Amino acid sequence: MKAHVSSILLGVRDMDRAKQFYADGLGWKIKNDFGISVFFESDGASPVGFYSREGLADQVGTDQEGSGFSGLVLTYVVRSEARVDEIMAEAQKAGATILKPAGALPWGGYGGTFADPDGYIWSLGYSAQGTDQPYAE
């Protein structure tokens with residue numbers, strides 16, 4: 001098995017709220033809206049989509065109820081500290097919960113963390129070290 005993710009599906013409790021947060025709030029463009037699932041334009045990366053939390057849990061054979069830290073963090077690497085700040089502000093305006101405000105990171109980079117309305121954690125980061133970063137934009 002290769003170290004590759006073909007797509008990322010997030011189980012959401014309220015499809016309309018999730019679409020509003022990502023499409024209206026963060027500017028993501030919807031590629032396919034199938035009613036029970038939604039996929040966004042991936043711009044060459046792994047596609048991100050939503051499925052109802054209940055339906056996705058049933059599909060993979062697990063209980064939909066979970067609490068606390070799931071152990072999953074979605075990482076978004078950008079090319080400047082200013083872009084980190086811009087995205088953090090966009091996310092907060094769209095209804096995200098800021099978990100860690102943007103600032104200097106212990107390893108020398110710059111970043112911040114927010115949770116979307118369903119609690120999915122996004123870690124934004126920038127590092128001046130190296131040119132081989134997995135940039136999202």
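**Figure 1. Arg-17 of this predicted model counts as partly exposed, at 34% relative accessibility.** Its salt-bridge partner is Asp-118, with the closest N and O atoms 3.2 Å apart. The pair links distant parts of the chain, 101 residues apart: Arg-17 belongs to helix α1, and Asp-118 to the loop between β7 and β8. Asp-118 counts as buried, with a relative accessibility of 18%.

**Figure 2. Asp-116 is buried yet has no salt bridge.** This residue lies in the loop between β7 (110-115) and β8 (121-126). The nearest side chain of opposite charge is that of Arg-17, 6.7 Å away. The side chain of Asp-116 makes a polar contact of 2.6 Å with that of Tyr-22, and also reaches the backbone nitrogen of Asp-118 at 2.8 Å. Leaving aside residues up to four places away in sequence, Asp-116 touches Phe-21 and Tyr-22.

**Figure 3. A salt bridge joins Arg-13 and Glu-65, with 4.0 Å between the closest N and O atoms.** The two residues are 52 apart in the chain, Arg-13 in the loop between β1 (8-12) and α1 (15-25) and Glu-65 in the loop between α2 (53-60) and β5. Arg-13 is partly exposed at 48% relative accessibility, whereas Glu-65 is exposed at 51%.

**Figure 4. Glu-90 forms a salt bridge with Arg-83, the closest N and O atoms lying 3.5 Å apart.** Salt bridges with shared partners connect Arg-83, Glu-86, Glu-90 and Glu-137 in one network.

**Figure 5. The largest pocket has a volume of about 870 Å³.** Its lining comprises 26 residues, of which Ala-45, Val-48, Tyr-76, Trp-122 and Ala-136 are the closest to the centre. Strand β5 gives the most to this lining, with four residues.

Conventions. Residues are numbered from 1 along each chain as its sequence is written. This is a predicted model: local features need pLDDT of at least 70, side-chain atom pairs count only at pLDDT 80 or more; totals for chains, interfaces and linings use all residues. Side-chain values use heavy atoms; hydrogens and water are left out. Buried means under 20% relative accessible area, exposed over 50%, partly exposed in between (1.4 Å probe, protein chains only). Lys and Arg count as positive and Asp and Glu as negative; His and the chain ends are not counted. A polar contact is a pair of N or O atoms within 3.5 Å; within protein, one must be able to donate a hydrogen and the other to accept it, and residues adjacent in sequence count only if both atoms are side-chain atoms. Contact means heavy atoms within 4.5 Å. On a 1 Å grid over the protein atoms alone, a cavity is a set of points where a 1.4 Å probe fits but cannot get out, and a pocket is an open set with protein on both sides within 12 Å along at least five of seven lines; lining residues have an atom within 4 Å of a point. Grid points are joined across faces, edges and corners, and a volume is the space filled by probe spheres set on the points.
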